[in-house]
Amino acid sequence: LEDAARAADELVARVPLAEGLYLAAGHSFGALQAGVLCGGGATRPAGYSRDLHDARCRSAILLSHGGMPYYNLTYKSLAVPLLVQTGSLDFWFSKAEVQEHLRVFRDSPPGHKYGLVLAGADHFFGELFCWPDWPMESNATARRPAQIEQFEALQVIVAAFLQAYNTPLPPDRRALWAMQTLEGMACRRGPVQLLLR
């Protein structure tokens with residue numbers, strides 16, 4: 001968290017951003033950190049003096065967020081626009097089911113929250129992201145080929161989310177754009193399920 005907070009400070013200091021605002025995104029444990037930066041409640045680690053929530057974080061994209069129940073996180077204060085992605089084969093590490101991966105989507109306050117479930121996608125989109133050869137992997141998931149179609153679907157949804165929530169539009173136009181893009185794509189069945197709250 002300290003490294004992520006320093007990176008945010010550097011970003012805001014070096015890049016001309018509208019009102020110093022930025023989007024936090026991460027995969028797996030990085031998604032957990034991005035969620036905390038954007039308002040997901042966590043217990044402050046001993047010796048850590050900064051506020052865990054960075055008010056400059058305007059939205060978050062959390063890929064394969066594990067839910068991580070053993071970190072004692074709460075998402076009731078995560079009020080920023082949020083896109084949470086998981087896959088039907090996303091069982092890595094905690095062996096969490098889809099609903100556990102979507103816990104941050106379900107438990108955060110409603111309004112501009114999107115839960116994306118991709119059929120046939122695992123924690124690493126096959127080997128598109130990486131493949132750590134750790135002993136814990138052997139029973140959690142099998143090596144799979146790259147899941148190109150699922151990754152392309154993710155790119156389409158992420159692009160719409162970025163256009164809806166990270167462009168210099170007034171809030172009313174941004175909300176309208178979100179309805180025309182993300183809500184227009186919403187569906188609860190099929191290989192790409194986009195859930196709204």
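**Note on the predicted structure**

1. Of the 197 residues of the protein chain, 43% count as buried (buried means under 20% relative accessible area, exposed over 50%, and partly exposed in between, with a 1.4 Å probe and protein chains only). This is a predicted model, in which local features need pLDDT of at least 70 and side-chain atom pairs count only at pLDDT 80 or more, while totals for chains, interfaces and linings use all residues. Residues are numbered from 1 along each chain as its sequence is written, and side-chain values use heavy atoms, with hydrogens and water left out.

2. The protein chain contains 7 helices and 5 strands (DSSP runs numbered from the N terminus: helices are H or I with at least four residues, strands E with at least two). Along the sequence, their pattern is α-β-α-β-β-α-α-β-α-α-α-β.

3. Seen down the axis of H6, its buried residues fall within an arc of 160 degrees, so they line one face of the helix (the arc is that of the directions from the helix axis to the C-beta atoms). The buried residues of H6 include Leu154, Ile157, Val158 and Phe161; Gln150 and Tyr165 are also among them.

4. The structure holds 1 disulfide (a pair of cysteine sulfur atoms within 2.5 Å). Cys38 and Cys57 form this disulfide, with their sulfur atoms 1.8 Å apart. The pair links distant parts of the chain, 19 residues apart: Cys38 is in the loop between helix H2 (29–37) and strand S2 (57–63), whereas Cys57 is in strand S2. Both Cys38 and Cys57 are buried. A disulfide is a covalent bond between the sulfur atoms of two cysteines.

5. How many salt bridges does a search of the whole structure find? The search finds 3 salt bridges (a side-chain nitrogen of Lys or Arg within 4 Å of a carboxyl oxygen of Asp or Glu). One joins the side chains of Arg56 and Asp9, at 2.7 Å from N to O. This pair links distant parts of the chain, 47 residues apart, with Arg56 in the loop between H2 and S2 and Asp9 in helix H1 (residues 2–14). Arg56 also forms a salt bridge with Asp54, the closest N and O atoms being 2.8 Å apart.

6. Arg56 is partly exposed, with a relative accessible area of 22%, and Asp9 is partly exposed at 28%. Asp54, by contrast, is buried, with a relative accessible area of 10%.

7. Another salt bridge pairs Glu100 with Arg103, where the closest N and O atoms are 3.1 Å apart. Glu100 is partly exposed, with a relative accessible area of 22%, whereas Arg103 is buried, with a value of 14%.

8. Gln193 lies in strand S5 (residues 192–196) and is partly exposed, with a relative accessible area of 25%. The C-alpha atoms of Gln193 and Gln85 are separated by 9.9 Å, although these residues are 108 residues apart along the chain.
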